[in-house]
Amino acid sequence: MSSGNYLFFLTVFFLIPFILFLYWAIKKTTSLWTGAFFLYSSASLFFLLMVWLEKISKNLTFVIVAITALGLLLLGTLGIYAMIIALFWNERILLKFERPSFSNFLPLIVATILLVLAVGNIIMVIFFSDTWLIKVFSFVINLAIYLSAVFFFYSVTSIIYNVIPIRGKVDYIIVLGAGLNKDKVTPLLAARIDAGAKLYLAQQEKKNHSPTIILSGGQGADELISEAEAMNNYLKDTYPKITQVLLEKRSTNTEENLRFSELVATEKDAATDFSKQNIVIATSNYHLLRAGKLAKKQGLNAQGVGAKTRLFYLPAAFIREYIGYLVFSKTKHLTAMGFIFLLTIGLDLIMHFLLKI
């Protein structure tokens, strides 16, 4: 390959998608396009590396490409069955540590749906390939593929959002509440507070700056005090040197966490134009992306710091967050589903009625 052609490939297949990724990662971090451009630039980088390696060793290049292609083929054909097994296994482990609830049954529900689709696809191809049922099932399969693809991009974007470092001096750290054990924070909520406190201390050490921490969470029906008060008790006991703390004690969900925290900052800290403050949301890693999207919807300039979650709990929690994201952005996804329906069934129905006229 000539140097001119190599420069062309470098520009088209790597630099452009990489620049787009950097732009989205900095300016539109919560957009699923961030994950999409990351994957695109990663694939283009792999392609360029193979072009470069081919000049050195064709045999080595062939081996790497063959292994990669085989891995992708196996992932595409057997990946769904591996996921089904993993989700069933995760459900078994999850119920050993957590009480039964709809949320904790999500891995089982998703695994069952995937199993039904996989088995149903085989049955349809063998017994109903010449009937109208195959069209209906094709729509269902395409719908599942679309939702799986969106889940994949959501997952990649979530990982990126979790690992992007906090930039500049932070004005407010909003720690989002979670359920209490009567009047005590749970390990999950303690991890969120720890994440916010560590950022506060890092800001003091590296920036010589002390942000204001807002502990946000109301009182549930089975809780003795508000989540904010319990969080404050934990913060005082664990991090006694942190004193710049405000409490938001009314919220019942993430959207209210952010909205009422802004009111608290305005009323008690005399914050002006909260949308221009440098805000960091401290919450669980699986919840961070959706919280960031809600913050963006409210016009807040928010970054995020994610607290680690126990591995066995992560699939159920992340599936719940993904469902929340779909509801949050339902208009565009319902539009996409309508388009899929049109391509798989709608056009046939239109042609059927036109022929009868």
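Predicted model: local features only at pLDDT ≥ 70, side-chain atom pairs only at ≥ 80, totals over all residues.

1. T61 is buried, because its relative accessible area is 8% (buried means under 20% relative accessible area, exposed over 50%, and partly exposed in between, with a 1.4 Å probe and protein chains only). T61 belongs to helix α3, which covers residues 58-97; helices are DSSP runs of H or I with at least four residues, strands are runs of E with at least two, and both are numbered from the N terminus. Leaving aside residues up to four places away in sequence, T61 touches M50, L53 and E54, where contact means heavy atoms within 4.5 Å. A polar atom of the T61 side chain lies 3.4 Å from the backbone oxygen of L53.

2. Residues are numbered from 1 along each chain as its sequence is written, and side-chain values use heavy atoms, with hydrogens and water left out.

3. K58 also lies in helix α3. K58 is exposed, as its relative accessible area is 60%. Between the C-alpha atoms of K58 and E98 the distance is 53 Å, for a separation of 40 residues in sequence.

4. Does the length of helix α5 agree or disagree with its residue count? Helix α5 comprises residues 133-163, and its 31 residues should span 45 Å at 1.5 Å a residue; the end C-alpha atoms are 45 Å apart, which agrees. The expected span is 1.5 Å times one less than the number of residues. Buried residues of α5 include F137, F139, L143, V150, Y154 and Y161.

5. Strand β4 (residues 212-216) is mostly covered, with 5 of its 5 residues buried. In a regular strand the side chains alternate between the two faces of the sheet. Both faces of β4 are covered: T212, I214 and S216 are buried on one side, and I213 and L215 on the other.

6. Which strands pair with β4? Strand β1 (residues 172-176) runs parallel to β4 and is joined to it by 5 bridges; two strands pair if DSSP finds at least two bridges between them. The bridge partner of L176 in β4 is S216. Strand β5 (residues 245-248) also pairs with β4 in the parallel sense, over 4 bridges, and I214 stands opposite L246 in β5. From β4 the chain crosses through helix α7 (residues 227-238) to β5 in a right-handed β-α-β crossover, meaning that, with the strands pointing away from the viewer, the path from the first strand over the helix to the second runs clockwise.

7. The largest nonpolar core has 26 residues, of which I173, V175 and V185 touch the most other members. A nonpolar core is a set of buried Ala, Val, Leu, Ile, Met, Phe, Trp, Tyr and Cys residues joined through side-chain atoms within 4.5 Å. Two or more residues of this core come from each of β1, α6 (187-207), β4, α7, β6 (279-284) and β7 (302-307). Helix α6 gives the most, with 7 residues. Apart from this core lies another, of 17 residues, among them I93, L94, Y154 and Y313. Contacts of I173, not counting residues up to four places away in sequence, include G196, L199, I214, V280 and A282.

8. K182, in the loop between β2 (180-181) and β3 (184-185), has a phi near 65°, a positive value in a residue other than glycine. N208, in the loop between α6 and β4, likewise is a residue other than glycine with a positive phi, near 55°. K182 counts as exposed at 54% relative accessibility, and N208 is exposed with a relative accessible area of 73%.

9. Helix α9 (residues 288-297) is largely enclosed by the rest of the structure, because 8 of its 10 residues are buried. Among them are R290 and K293, together with L288, L289 and L294. Just after α9, G299 takes a positive phi of about 80°.

Technical notes: Polar contact = N/O pair within 3.5 Å; in protein donor to acceptor, adjacent residues only side chain to side chain.
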